[in-house]
Amino acid sequence: MVRARNRYDAYELVNLGIENIYRETLDTSLTLACDVLTKVGFEKETLKNQVAKFIKYDEESIRRLAAEPKGDDDYIFKKREEYKQQVESLKEDFKRDKKQT
C-alpha cells in the first residue's frame with residue numbers, strides 16, 4: 001500500500017506493479033464535494049454511489065494511461081477522451097440511480 005501525491009505519481013507506481021495506491025487529495029476532494037452537494041439538496045446515498053463510481057472509473061483510467069508518455073499531444077488527447085468517457089458514464093449512472101429511488 002503506497003501513497004501517491006498526484007496522478008503522475010500514481011502512474012509511476014502502477015508501472016512498478018503496485019496495486020494499492022492512495023492519492024493524497026482524492027478522498028478529501030470527493031468527500032468535500034459530496035458534503036457540499038448534500039447541503040444544497042442532493043441525496044447523500046446517491047452521491048456516495050456516484051463518488052464510488054467516480055473512484056472506480058478514475059482508477060481504471062490511471063491503469064490505462066500509466067504506460068503513456070506524459071506531456072505529449074497523444075497523452076493529452078487520450079486523457080481528454082478518458083475524461084469525456086468518465087463524464088458520460090457518471091451521467092448515465094446518475095440517471096439510473098435516480099430512477100431506482
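**Ground rules.** I number residues from 1 along each chain as its sequence is written. Since this is a predicted model, I kept local features to pLDDT of at least 70 and side-chain atom pairs to pLDDT 80 or more, with totals for chains, interfaces and linings using all residues, and side-chain values use heavy atoms, without hydrogens and water.

**Layout.** I found 4 helices and 2 strands in the protein, in the order β-α-β-α-α-α from the N terminus. Here helices (H or I, at least four residues) and strands (E, at least two) are DSSP runs, numbered from the N terminus.

**Ring pairs.** I searched the whole structure and got 4 aromatic pairs. Rings of Phe, Tyr and Trp (its six-membered ring) pair if their centres lie within 6.5 Å; planes under 30 degrees apart are stacked, over 60 edge-to-face, the rest tilted.

I looked at Y8 and Y11: their ring centres are 5.8 Å apart and their planes at 75 degrees, so I noted the pair as edge-to-face. Both sit in helix α1 (residues 7–15), 3 residues apart, about one turn of the helix.

Next I took Y11 with Y75, also edge-to-face, at 6.1 Å centre to centre and 90 degrees between the planes. Y75 is in helix α4 (residues 73–100) and Y11 in helix α1, so this pair ties together parts 64 residues apart in sequence. I wrote down Y8, Y11 and Y75 as one aromatic cluster.

**Burial.** Y11 and Y75 are both buried, while Y8 is partly exposed at 43% relative accessible area. The cut-offs are under 20% for buried, over 50% for exposed and in between for partly exposed (1.4 Å probe, protein chains only).
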